[in-house]
Amino acid sequence: MDPFRVLTGRTVVLPMDDVDTDQIIPARFLKGTTRTGLGKGLFADRRYAADGSPRPEFPLNRPEAAGAAVLVTGRNFGCGSSREHAVWALVDQGFRAAIGPSFADIFRGNALKNGFLPIAVPERVHAQLAASRGAAVTIDLQAQEVTLPDGAHVRFTVDPFARHCLLEGIEELEFLLGQDKAIADYESRTNQGRR
Amino acid sequence: MTVARPRTLFQKVWDGHVVSPATADTPAVLFIDLHLIHEVTSPQAFALLRERGLRVRRPDRTVATMDHSTPTTPLAAGARAVIQDPQAAAQVRALEVNCAEFGIPLYPLGHERQGIVHVISPELGLTRPGMTIVCGDSHTSTHGAFGALAFGIGTSEVGYVLATQCLLAWPPKTLAITVRGRLARGVTAKDLVLAVIGRIGVGGATGHVIEYRGEAVRALSMEERMTVCNMSIEAGGRAGMVAPDDTTIEYLKGRPFAPQGAEWDAAVAQWRSLATDEGATFDQEVVLDAADIEPMITWGTNPGASIPIRGKVPEPAGDASIARALAYMDLAPGEQLLGRRVDVAFIGSCTNGRLSDLRAAASVFAGRHVADGVRALVVPGSQQVKKQAEAEGLDRVFREAGAEWREPGCSMCIAMNGDRLEPGRYAVSTSNRNFEGRQGPGGRTLLASPLTAAAAAVTGRVTDARELMR
């Protein structure tokens, strides 16, 4: 995995609360067996009309959205289904971070395992970002700081372990695999051996 | 003398599964007793194992079935299901190959134990009190009904659990939801959980494990408790739990994978010790009175948008998300749903696809007929549910009423298997999500209980099922 250290990118603003993972990627796009190519399903029912033509009013279809890397989201983004495809679709489309007031638990966990950083910020910071769509922000994960379009700095908190993994570009799985002895000890201690 | 600190049900289950405790910098390593897998969220996890040359650490703690992308088209007796969709067929084939290669037991299409993953695991007695259970599906919270700590995970974590039988997790917070008194006649577990989500909101339990408590919860059957715990995730909860009691033990006794003999007695003693201790505290508490709960239905595009069946949809009053939901649902602010025409009734899913749900629906269908222009689908949650329902003659009640009696699967809850709500149509559904497009692009979902869905099927309108109950 590529390390995530400093990201400077333009924002796309999705001014909606409780965006569920069925909206991020509808279930009919979940029939594949790989992690790739899911960007075409990203927000499919929002982005495209029934005939497949893009809806010009949807934020991802506006000209300033091209090449954007940061999604500005409403409260409780990513609620609902556990589908990691939602994160894979965002990453496939070039997004590396989301900034919003809050995120659903499973989505946040999935995101952090795919080099995608969800950043929770206070409502006033969110309002400021939502009002300046297309502006660039800089996210410094080492410093745990976002530089807003007006130059102000905002600190954010992040799971310290996920931060370490992202900064070093290592997978959380590496840590778990390193626990092999502790797991074997647990299995024998609790009589959880193979049946 | 040391006095043990009072602990919650959640804390006891968590403590019993810590392989390595959390530190300031690293989450806890948590042992997983049971890993359920299905065709949709596992292929990329097996790909990870192959890329890394890893084995499945505990195939004996892993169980697979097929449910999400499989067709539920009715079959002639003895006929085999044919998957028309080549992508779905490839996904199902991949699960067969993966299970064979890694030695994982599989209940495939056509097997007498196949069904929705959250229906078959309790049926088999694989789900038991005090366990940690995960699955690449958010409705894994269902298994919390047994006093297990059960939660949905993404595909990366499916791979981690396959490889190590463990997960990394920070200790969540706890939320007690106490329901005092008893539910009134015609008010079901589904109404209870829709009322809870309406009260605390779709993000109300984020970061928390819920414990459902109180007289109304204790009075629920295991199937009803599963309905409640199933929808914990719809309030954002990491998991939902109910302490094991006589109801739990009665349900499990004699199940295929339940312990037997002396092992059973030891297990029962351990299960009985799991209940939250007197004096244990929760991070948050919510109290509801069962007497205040009416049959519920949702009007909007998330499960928190629930109102009593005779209630009115809200006015936006400047709230853009309410305005947007009303527009999607094509509902007028302040209107009553009661009497509104519906196109589809869907009875099934991991929320309400068990035998007691089908019995409730059949009690409304009996002696009545599906209204003109309405499509009614009844989809048993598993082959066992189907078999038991047929043994009771419920299938005949549904068919004689003009409803479709289908094969087990997730069906129209998720619309990735051929069962789909058409754009602009209204469905009263016993499933768990009314998200935009969830049941099919442009489809409009009203979540409700099996009684309410069956009442809508036979009247063609949103109906208070209590009016039809004899």
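pLDDT is the predictor's confidence in each residue, on a scale from 0 to 100. The structure described here is a predicted model. In chain B the mean pLDDT is 97. A value of 70 or more is reached by 99% of the residues of chain B. For the model as a whole, ipTM is 0.97 and pTM is 0.98.

Chain A contains 8 helices and 7 strands. Its C-alpha atoms fill a box of roughly 60 × 45 × 25 Å along the principal axes. The chain has 195 residues, and 43% of them count as buried. Contacts in chain A were also sorted by separation in sequence. Among those between residues at least 6 apart, 68% join residues at least 24 apart.

The two chains touch. On the side of chain A, 46 residues are in contact with chain B, and 49 residues of chain B take part. Five helices of chain A each give two or more residues to this side: H1 (21-24), H4 (105-112), H6 (160-168), H7 (172-177) and H8 (180-189). The largest share comes from H7(A), with 5 residues.

The largest nonpolar core has 202 residues. Ala345(B) and Ala454(B) have the most contacts inside this core. Helix H6 of chain B, residues 189-200, supplies the largest share of the core, 8 residues. The surroundings of Ala454(B) can be listed. Leaving aside neighbours within four places in sequence, Ala454(B) is in contact with Ala345(B), Ile347(B), Ala361(B), Val364(B) and Phe365(B).

Two helices of chain B form a packed pair. Helix H2 spans residues 43-52, and helix H5 spans residues 155-164. Their axes lie 8 Å apart and meet at an angle of about 50°. H2(B) is therefore oblique to H5(B). The crossing of H2(B) past H5(B) is right-handed. From H2(B), the contact is made by Gln44(B), Ala45(B), Leu48(B) and Leu49(B). From H5(B), Thr155(B), Val158(B), Gly159(B), Leu162(B) and Ala163(B) contribute. In general, an α-helix has 3.6 residues a turn, so residues three or four places apart point the same way.

Helix H4 of chain B covers residues 117-124 and is mostly covered, with 7 of its 8 residues buried. The buried residues of H4(B) are Val117(B), His118(B), Val119(B), Ile120(B), Ser121(B), Pro122(B) and Glu123(B). Gly125(B) follows H4(B). The phi of Gly125(B) is positive, near 75°.

Technical notes: Residues numbered from 1 in each chain as written. Chains lettered and ligands numbered in written order. Predicted model: local features only at pLDDT ≥ 70, side-chain atom pairs only at ≥ 80, totals over all residues. Core = buried A, V, L, I, M, F, W, Y, C linked by C-beta atoms within 7 Å. Buried ≥ 20, exposed ≤ 12 C-beta atoms within 10 Å, placed from the backbone. Helix = DSSP H or I, 4+ residues; strand = E, 2+ residues; numbered from the N terminus. Contact = placed C-beta atoms within 7 Å. Axes fitted to C-alpha atoms, helices over the stretch in contact; angles between N-to-C directions. Parallel < 35°, antiparallel > 145°, perpendicular 65-115°, else oblique. Left-handed = near helix turned anticlockwise from the far one by under 90°.
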